[in-house]
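Here are my quick notes on the model you passed along. Have it open while you read, and we can go through the points together.

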Amino acid sequence: MKSALLSIGLVMALAFAGAPAYSQNTAKPAAAAKEAKPGSVVAEAVKDIPFITDKKPNPKAKFYVYLMSASWCAACNVEMPHVVEEYREMAKKRVEIIYVNGDHTPEAAIAFMKKYKADFPCILTSSPDAAKLPGYSLHSNFPWAIVVNDKGEVLDSARADKVFNNWHKTTGIRAPKKRK
């Protein structure tokens with residue numbers, strides 16, 4: 001008897017498994033699928049990070065570059081004017097730079113950015129919030145850049161000049177002008 005009841009229960013469960021469940025959701029299937037589509041992993045992760053600049057990351061970016069540098073780094077001072085120039089072009093193509101500054105104070109980081117007219121979101125490497133950036137890892141070599149797609153998958157990680165010179169190969173987007 002027990003096995004007969006279990007068999008009947010199993011048959012009923014299988015029969016109803018394919019039946020649509022009752023739902024009060026009257027949205028059309030296409031609209032419901034659109035609403036359920038997940039957004040950018042990076043955009044979601046950075047929305048609550050307290051950046052030290054007023055600029056916030058573009059939530060619709062396709063690629064994010066985590067640029068690590070600092071005012072005390074000689075190579076960073078050489079690199080920053082190039083990055084600022086390239087960023088103007090890259091931002092038009094839905095690329096966002098998130099500047100992860102290695103200075104000890106927000107004031108020093110902001111002064112460095114003002115010196116080069118850099119206008120990207122900035123966070124200090126010492127901030128625990130930097131670890132919330134998907135695909136981010138701190139490097140001791142500055143200037144360093146990590147390129148991630150909107151899902152947070154690391155596409156490239158190298159010295160900043162190499163990242164920008166490999167840009168087209170990494171992202172498929174026309175690269176800023178090549179430099180030495």
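Is Cys 76 buried or exposed?

1. Cys 76 is buried, and its relative accessible area comes to 1%. Buried here means under 20% relative accessible area, exposed means over 50%, and partly exposed lies in between (1.4 Å probe, protein chains only). Cys 122 is buried too, at 0%.

2. Before going on, a word on the source: this is a predicted model, where local features need pLDDT of at least 70, side-chain atom pairs count only at pLDDT 80 or more, and totals for chains, interfaces and linings use all residues. Residues are numbered from 1 along each chain as its sequence is written, and side-chain values use heavy atoms, with hydrogens and water left out.

3. On disulfides (a pair of cysteine sulfur atoms within 2.5 Å), searching the whole structure turns up zero.

4. Salt bridges, meaning a side-chain nitrogen of Lys or Arg within 4 Å of a carboxyl oxygen of Asp or Glu, number five in the structure. Side chains of opposite charge can pair when their charged atoms come close.

5. One of them joins Lys 47 to Glu 44, at 2.8 Å from N to O. Lys 47 is exposed at 52%, while Glu 44 is partly exposed at 48%.

6. Another links Lys 92 with Glu 89, at 3.2 Å from N to O. Lys 92 is exposed, with 62% relative accessible area, and Glu 89 is partly exposed, with 37%.

7. Then there is Asp 161 with Arg 159, a salt bridge of 2.8 Å from N to O. Here Asp 161 is buried at 16%, whereas Arg 159 is partly exposed at 40%.
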